[in-house]
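Please walk through the model shown below.

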Amino acid sequence: MTLVRHTITAIERDQADATASGKQVVAGAVVTMTDSGGSAYQMADNAAGANASTSKTTNSDGQVTVYVEPGQYTVTVNGISSGITVGNGFEVTQSPTDATAGRLLKVGDFGVGGYITLSAVSLDTIDQVTGFYYCINCTDRPAAINGYMDVYVNSPGSFAKQTYSAIGDSRTWIRTLFSGTWSDWIPVATEDNNALIEFGSNANGSFTKFPDGTLVCVFADSGNSLSAGQNASYTWLFPSSFISTPTVTGSSSISFSVSFEQSSLVIDNSAGTNVNQSRYAIKNNSGSTQTIKANLTAIGRWK
């Protein structure tokens, strides 16, 4: 129970003087208080609840200071009753993670306006209230680095989410609590932490960029009509450029299959290939005009 300080002043009803209030105070006036239900309320002399009683007396200044719980009361002083609200009718939180309904937040509670510092505690146990934290040498963190953690709790101890961000770089992890069991920490993809796998495509084919710097480009042409025994050369512009000359491999296919050797493909991996393109040639080895298709793959580095 938290008691709030409240000062009551007894004012004489009839005699005006030069005081700021325009009334003369009354020393020795009896003060009583009833709660919202009409029951006599015990007023204490300090926040610890000492000398609680249902009646107090004003001092020589016409005042008495009492400690009561926040709420609405009826105070009777010198025979006059009036309603008062102590503590705006609300009690403040008692700790940085006090989730009692109806209590007023202090600056820093739940990390609002700041953060709550956690030192050498298990992050598995931070599943009771929503809040913002700074974690120092905590256990069950995603990496051996201090960081900031946001916690969102739907049901204490059962359903929650934690997001952990390293203090020294841009790495971020996330995990969820489902039916009381924490999932593994999963890194959040950002360009800075190299957790992205990038996909793309255009008229020149498709490409995949891997976090380790590997770039794979793939191309399948729509086919070229070649007469019996004819060969032709083409240039493949890569759908994404490499930082050094890649290795290009491929195969050819024909519109119908009689034997494996009916079409052939040759790739110029020396002078005909650079960071932007590759030269290749296809040949129709059949005895009639056919549509020959090329399927190409280039593997190299994007960083």
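Where is the place of Tyr115? Tyr115 sits in the loop between β6 and β7, where helices (H or I, at least four residues) and strands (E, at least two) are DSSP runs numbered from the N terminus. The model is predicted, so local features need pLDDT of at least 70 and side-chain atom pairs count only at pLDDT 80 or more, while totals for chains, interfaces and linings use all residues. Residues are numbered from 1 along each chain as its sequence is written, and side-chain values use heavy atoms, with hydrogens and water left out.

Tyr115 is partly exposed, at a relative accessible area of 45%; buried means under 20% relative accessible area, exposed over 50%, and partly exposed in between (1.4 Å probe, protein chains only). The structure holds eleven aromatic pairs. Rings of Phe, Tyr and Trp (its six-membered ring) pair if their centres lie within 6.5 Å; planes under 30 degrees apart count as stacked, over 60 as edge-to-face and the rest as tilted. The ring centres of Tyr115 and Tyr148 are 6.1 Å apart and their planes are at 65°, so this pair is edge-to-face. The pair links distant parts of the chain, with Tyr115 in the loop between β6 (80-86) and β7 (116-119) and Tyr148 in strand β9, 33 residues apart. Tyr148 is partly exposed, with a relative accessible area of 37%.

On the surface, Tyr115, Tyr148 and Ile167 form a nonpolar patch with about 290 Å² of accessible area together. Patches are made of residues with over 30% relative accessible area and no salt bridge; like charges are joined within 9 Å, and nonpolar side chains (Val, Leu, Ile, Met, Phe, Trp, Tyr) within 5 Å. The areas come from the Shrake-Rupley method with a 1.4 Å probe, and for residues only the protein chains shown count as cover.

Which strands pair with β9? Strand β8 (residues 131-136) and strand β9 (residues 147-155) pair in the antiparallel sense over five bridges; two strands pair if DSSP finds at least two bridges between them. Here Gly131 has Val151 of β9 as its bridge partner. Strand β9 is also joined to strand β10 (residues 159-166), by eight bridges and again antiparallel. The bridge partner of Tyr148 in β10 is Ser165. The hairpin of β9 and β10 has three residues between the strands, and Gly157 in this hairpin takes a positive phi near 80°.

Ring pairs link Phe219, Trp236, Phe238 and Phe242 into a cluster.

The next topic is charge. Side chains of opposite charge can pair when their charged atoms come close. A salt bridge is a side-chain nitrogen of Lys or Arg within 4 Å of a carboxyl oxygen of Asp or Glu, and by this rule the count comes to three. In one of them, Asp45 and Lys56 meet at 2.8 Å, N to O. This pair also links distant parts of the chain: Asp45 is in the loop between β2 (30-34) and β3 (55-57), and Lys56 is in strand β3, eleven residues apart. Asp45 counts as partly exposed at 35% relative accessibility, whereas Lys56 counts as buried at 10%.

Asp124 forms a salt bridge with Arg175, with the closest N and O atoms 2.8 Å apart. Because Asp124 lies in the loop between β7 and β8 and Arg175 in strand β11 (residues 172-178), the pair ties together parts that are 51 residues apart in sequence. Asp124 is partly exposed at 27% relative accessibility, and Arg175 is buried, with a relative accessible area of 5%. Arg175 also lies over the face of Trp182, at 4.2 Å from the ring centre; a charge sits over a ring if NZ of Lys or CZ of Arg is within 6 Å of the ring centre and within 35 degrees of the ring normal.

Asp169 and Arg171 form a salt bridge with their closest N and O atoms 3.2 Å apart. Asp169 is partly exposed at 36% relative accessibility, and Arg171 is partly exposed with a relative accessible area of 31%.

Backbone angles come last. Most residues other than glycine have a negative phi. Ala120, in the loop between β7 and β8, has a positive phi near 55° and counts as exposed at 53% relative accessibility. Asn137, found in the loop between β8 and β9, has a positive phi of about 50° although it is not a glycine.
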